[in-house]
Amino acid sequence: MDRLTLIDSAIRMLAIGQLLLIATVIGRGHAPRAIRIATVTLFVCICAYLTLATPLQIDARGPLWALIQLAAQATPMMLWIFAHLLFERPLNRTAVTAAGIILFGCWIGFGVAGPHANSLGLWLGILQRGTSLAMTAHAILIAFRERGDDLIEKRRRLRVGFVIVVGILAVIVLVIEMIFGFRHTGVGVTLPQALAILVATMALGAALLQSDPDILFDPSAITAPPAPALTPSEHVLKQKLDAAMAGGLHRETGLTIGLLADRLGTPEHRLRALINQRLGYRNFSAFLNHHRIGEAKAMLADPAHVDLPILTIAMDLGYGSLAPFNRAFRQDSGEAPSDYRRRAILQK
């Protein structure tokens with residue numbers, strides 16, 4: 001074993017140790033069960049990738065090695081799921097099912113194709129890495145595009161780090177695989193890759209553990225928070241906010257917290273702090289949906305609006321289409337708007 005290979009192996013073992021330690025801490029923490037499972041699974045998958053992509057000659061036989069291959073190939077999918085859960089974005093079950101089918105199908109196909117280059121292995125590699133690249137890019141998009149909606153300052157900073165460190169690194173790793181192949185030919189490629197993964201692991205782990213419980217927080221654990229003690233300036237700002245909502249400003253399509261702050265004549269960071277730290281909302285969309293869905297329920301239960309189409313109600317309340325309105329309504333009430341209307345009208 002030459003010196004560079006030894007250094008590469010040491011960095012990989014250090015990264016694996018860090019990942020398992022962070023996974024243990026988060027797994028034993030108080031975050032929601034789903035995000036704990038996703039975090040631990042993601043870190044275990046990265047450990048499998050570090051093991052699989054080593055330049056060392058390892059006897060790649062047996063069922064254990066096949067499971068390590070499956071876990072390594074699942075890393076992009078778990079990164080995608082992790083981004084959804086961390087940033088409190090609903091998972092599309094159809095997309096998760098499709099990704100799982102592609103993952104297991106490619107894993108089985110690679111086992112059938114064997115280690116030798118052939119047309120089956122080539123097409124499976126294109127499908128697997130193309131899907132992985134798409135899911136990683138979508139995870140980056142989730143972190144970046146919805147940053148303005150996030151009211152938790154630590155998580156907003158984490159979104160930038162997630163994009164720059166984790167997301168871009170994952171894309172680079174996938175591109176290297178597509179160019180050089182999965183089993184890279186030289187330590188000159190694998191050593192910088194292992195070092196970058198170690199740095200990314202340290203950065204992400206430090207951000208997650210330092211930000212607990214602001215990020216890894218279970219809202220259901222808090223039952224009856226005491227009424228916030230507003231400062232005089234916060235009290236005045238809250239009065240302005242309440243008046244704006246009572247005046248129907250929440251119905252404006254495309255309303256963002258920046259636009260709302262401009263309407264209220266206040267700095268955006270002050271409005272973020274008020275809605276998050278004083279009113280208890282973690283996302284601006286949740287704050288908007290609270291007012292919009294509350295008004296939607298009143299309209300749906302009103303006999304005078306019994307023939308008003310649900311799409312019209314959704315559009316009047318600021319939703320761009322019916323799908324986000326239905327999703328927000330189900331999340332709030334646990335039933336579809338049409339079912340809510342039927343039950344509310346028939347009970348009168």
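How many nonpolar, polar and charged residues does the lining of the largest cavity have?

## Basis of the report

This is a predicted model, in which local features need pLDDT of at least 70, side-chain atom pairs count only at pLDDT 80 or more, and totals for chains, interfaces and linings use all residues. Residues are numbered from 1 along each chain as its sequence is written, and side-chain values use heavy atoms, with hydrogens and water left out.

## The cavity

The lining of the largest cavity has 6 nonpolar, 4 polar and no charged residues. Here Ala, Val, Leu, Ile, Met, Phe, Trp, Tyr, Cys and Pro count as nonpolar, Asp, Glu, Lys and Arg as charged, and the others, Gly among them, as polar. A cavity is a set of points, on a 1 Å grid over the protein atoms alone, where a 1.4 Å probe fits but cannot get out; a pocket is an open set with protein on both sides within 12 Å along at least five of seven lines; lining residues have an atom within 4 Å of a point.

The largest cavity holds about 80 Å³ of space, a volume being the space filled by probe spheres set on the grid points, which are joined across faces, edges and corners. Its lining includes Q73, P76, A99 and M135. Helix 6 (119–145) is one of the helices that supply at least two residues of this lining, and helix 6 gives the largest share, 4 residues. Helices (H or I, at least four residues) are DSSP runs, numbered from the N terminus.

About 1,900 Å³ of space lies in the largest pocket. Of its 48 lining residues, E88, P90, S285, N289 and Q331 are the closest to the centre. Helix 12 gives the most to this lining, with 8 residues. By class, the lining divides into 21 nonpolar, 13 polar and 14 charged residues.

## Salt bridges

The whole structure contains 10 salt bridges, each a side-chain nitrogen of Lys or Arg within 4 Å of a carboxyl oxygen of Asp or Glu. One of them joins D8 and R12 (2.6 Å, N to O). These two residues stand 4 residues apart in helix 1 (residues 3–27), so about one helical turn separates them. D8 is buried at 0% relative accessible area, and R12 is buried at 3%, where buried means under 20%, exposed over 50% and partly exposed in between (1.4 Å probe, protein chains only).

Another salt bridge links R251 and E295 (2.8 Å, N to O). R251 lies in the loop between helix 9 (232–246) and helix 10, and E295 in helix 12, so the pair ties together parts that are 44 residues apart in sequence.
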